[in-house]
Amino acid sequence: MAPDGLFIGGAWRQAASAFEVLDPATGRVAARVADATARDALQALDAAADAQPSWAATAPRARAEILRRAYELVTERAEALARLATRELGRPLAESRAEVAYAADFLRWFSEEAVRVGGEHRTAPSGDYRIVTARVPVGPCYLITPWNFPLAMVTRKVAPALAAGCTVILKPAEATPLSALALAELLAEAGVPDGVVNVVPTTAPAEVTGALLGDGRLRKLSFTGSTEVGRLLLAQSAGGVLRASMELGGNAPFLVFDDADVAAAVEGAVTAKMRNSGQSCVAANRFLVHEAVAEEFTGALRERLAALEVGREVGPLIDGDAVERVDGLVGDAKRRGAEIRLGGAPHAGPGWFYPPTLLTGVPEDAAITRQEIFGPVAAVAAYPDEPSMVAAANAAPAGLVAFLFTRDLGRAMRVGAALEAGMVGVNRGLVSNAAAPFGGVKQSGLGREGGLEGIDEYLEVKYLAVP
Ligand code: NAD
């Protein structure tokens, strides 16, 4: 039985009410989960604040070994965790297995980083005292995660927070709380002390969040989700002058130059577009293709997408609203002159499936080029040269990731530098890696997760002036 309660102060408890989690592949109820109120959330903060001093004082090696044990437990139970993620996301098991491996990697990576938090020792320029710096835990953190990767988005925050010596209150997305609750149980088994990790699923995110952000004991907010909600939470964090990390929406351009290996670009495109049925912040959103290779690229991509089997290889969207929204974007592009080369209409059901869809001749004013699609729809537009491709790529207010395909190293470096994005995939459709700094520029967010940088989000620099 997967846990379905609130996890507060190391104990499971039920709430006054519960809410349903639906399986998007069938539309049927997959579980019922306790629904936290603002009062429950404040009790979670009591637990996190109480546990903070002793967790911060726990030896880095001890924290590292707990995280390592958690990595081993996730790996041992990978199959059960993958099945659980598929139960709440409806997607093919192979995709859930890949997510569990990615999620586990954050636990391993930050178990290694926990013992490498250093400081500096410098002589003041005047020569009469020393500047000694230490990196210390920020304090109790509030972590909000989205539904699209229900385990990895959680470990990407929890692992560095715990490695740094911070306690946490986690609010998973209401559509997919099961993986987060299973992780809480597993972390406790790995040796995480009571109160260090608390989990409060809720159908009242604004109310729960308001209560936590308004409490002076909280020191940090780390949010992954839409730019719209991120903007709101950033404003709310100003009240308590909280440290804030924001991993927000993307609108990734995917550039294919006339000197690209087109077959490799098509494979990269399938990866960048179709992972999680396109429901990824790093999903390729706009295919900007040089006109000399546009027809070759589009024809080959159409063939690859047409061969994917809906249900077995392409999972559902998260809910019926998502299907309507994606279909609306396709309809708008068509009305503005785009051609539908594949797909273009929702599946009859059961479940919330949308087939792989390919649009060409997509004009720049179509909503689909300005918004995150979050679905398996590839929108292609042809351009005459490098400057027009780079200008189109940079026209979006988002700047999370960009992909570029070229055989010319000089061009890869030049365009890679010119693209306004926190991450650039060169001749690759996948950039995510626990060892790499993940994050965006412009309206895609603030801060980085993973890599050598990820732990810094949970540390403050403290300076001692020592004679
Ligand atoms: P969302 O913004 O609707 O929800 C994200 C989380 O915020 C959920 O837990 C939700 O309950 C909570 N939330 C919603 N309204 C809130 C409020 N008023 N106060 C407090 N919390 C609130 O996003 P989503 O639909 O769950 O996820 C999809 C979005 O997440 C996409 O835009 C995607 O690009 C983005 N995302 C970004 C990254 C990244 O690393 N940059 C990774 C994954 C997803």
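**Ground rules.** I number residues from 1 along each chain as its sequence is written, and my side-chain values use heavy atoms, with hydrogens and water left out. Since the model is predicted, local features need pLDDT of at least 70 and side-chain atom pairs count only at pLDDT 80 or more, while totals for chains, interfaces and linings use all residues.

I looked up the open sheet of 7 strands and found the order 14-15-16-13-12-18-19 with mixed pairing; strands are DSSP runs of E with at least two residues, helices runs of H or I with at least four, numbered from the N terminus, and two strands pair if DSSP finds at least two bridges between them. Strand 14 (339-342) and strand 19 (423-426) each have a single partner strand, so one side of each is left without a neighbour in the sheet. I then followed strand 12 (residues 252-256), which pairs with strand 13 (residues 284-290) in the parallel sense over 5 bridges, and noted arginine 286 as the bridge partner of proline 253.

**Helix pair.** I next checked helix 1 (residues 38-57) against helix 7 (residues 205-213), where I noted that Ala38, Ala41, Leu42 and Leu45 meet Glu207, Val208, Ala211 and Leu212, contact meaning heavy atoms within 4.5 Å.

**Serine 237.** Which helix holds serine 237? I found serine 237 in helix 8 (residues 227-237), and at 2% relative accessibility it counts as buried (under 20% relative accessible area, with exposed over 50% and partly exposed in between, for a 1.4 Å probe and protein chains only). Leaving out residues up to four places away in sequence, serine 237 touches Leu213, Leu221 and Leu242.
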